[in-house]
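Have the viewer open as you go.

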Amino acid sequence: MKAFVAGATGETGRRIVQELIARNIPVRALVRDTETAKAILPPEAELVVGDVLKPESLTAALGDSTVLLCATGAKPSLDPTGPYKVDFEGTKNLVDAAKAKGIEHFIIVSSLCTSQLFHPLNLFWLILVWKKQAEEYIQKSGLTYTIVRPGGLKNEDNTDPIVMQGADTLFDGSIPRQKVAQVCVESLFEPAARNKIVEIVAKPEATSKSFGELFANVA
Ligand SMILES: NC(=O)c1ccc[n+]([C@@H]2O[C@H](COP(=O)([O-])OP(=O)(O)OC[C@H]3O[C@@H](n4cnc5c(N)ncnc54)[C@H](OP(=O)(O)O)[C@@H]3O)[C@@H](O)[C@H]2O)c1
């Protein structure tokens, strides 16, 4: 297995890279700026330069990767096309490149509430709408996928157990980015994670379960 990570320099992406390397899985990290990336990512990660908005850069960047994990996302800005471009077009470009390369499993960090049009997050240039469009493109692509929809992301890890449920059943809550990264990497090894949308938050009162149980409980 060789893992391609898009959004590798991001707050969640870098934790995905760390989790993969901790499991001795070789990583090709898609980065836009090598110098910045070197300061963020562990030396074991192979840095490949590319941009999800430049489809021609992606085929070479994917190289001999066999699985793909995507944690890209538009940064809040005044550009109304940001989420459309990064969260939809960029993901679509990744899916097309993944299909052409025969990628075995496509895992993406999406978000809770992507099915809700009248959600305050859509004030950020319809970001949830574009994430939902991207999810549907992945689902129709024929690729094996896991769509991971986290609640609000936190940089500090904690010991709260993970709650995992099916699509459109969780509407609030938060989760440390480290746990999101773990769920993404576990998806590669859990047959029950295949072709599913999983919504995740972490709650102190939840019962701790194995990843196998968590994924198996989602229809
Ligand atoms: N914030 C929340 O509470 C929350 C909640 C639920 C879901 N989410 C979603 O979770 C995901 C991860 O969030 P995060 O806060 O960890 O992300 P982040 O730190 O904002 O990182 C975003 C990553 O996307 C990359 N990126 C942006 N445009 C790109 C392009 N054109 N080509 C290649 N890479 C590009 C950035 O690269 P550079 O480093 O080069 O800029 C960066 O690595 C996002 O999709 C976000 O929308 C967030």
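How many residues surround the ligand, and which are the closest?

1. Bear in mind that this is a predicted model. The ligand is surrounded by 24 residues. Thr9, Thr12, Thr72, Lys131 and Arg177 are the closest of them.

2. Three of those side chains are worth a click. Threonine 12 has a polar side-chain atom 2.6 Å from a ligand oxygen. For lysine 131, a polar side-chain atom lies 2.7 Å from an oxygen atom of the ligand. Arginine 177 also puts a side-chain N or O atom 2.7 Å from a ligand oxygen.

3. As for location, the ligand sits in the largest pocket. Two elements give two or more residues to the shell around the ligand: helix α4 (82–101) and strand β7 (152–154).

4. What is the make-up of the shell by class? I get 10 polar residues, seven nonpolar and seven charged.

5. Do take a look at helix α6, which spans residues 177–187. This helix is mostly covered, with 10 of its 11 residues buried. Arg177 is among the buried ones, and Arg177 is also one of the residues closest to the ligand.

How values were computed. Residues are numbered from 1 along each chain as its sequence is written. This is a predicted model: local features need pLDDT of at least 70, side-chain atom pairs count only at pLDDT 80 or more; totals for chains, interfaces and linings use all residues. Side-chain values use heavy atoms; hydrogens and water are left out. A residue is near a molecule or strand if one of its heavy atoms lies within 4 Å of it. A polar contact is a pair of N or O atoms within 3.5 Å; within protein, one must be able to donate a hydrogen and the other to accept it, and residues adjacent in sequence count only if both atoms are side-chain atoms. On a 1 Å grid over the protein atoms alone, a cavity is a set of points where a 1.4 Å probe fits but cannot get out, and a pocket is an open set with protein on both sides within 12 Å along at least five of seven lines; lining residues have an atom within 4 Å of a point. A molecule sits in a cavity or pocket if more than half of its atoms lie within 2 Å of its grid points. Helices (H or I, at least four residues) and strands (E, at least two) are DSSP runs, numbered from the N terminus. Ala, Val, Leu, Ile, Met, Phe, Trp, Tyr, Cys and Pro count as nonpolar, Asp, Glu, Lys and Arg as charged, and the others, Gly among them, as polar. Buried means under 20% relative accessible area, exposed over 50%, partly exposed in between (1.4 Å probe, protein chains only).
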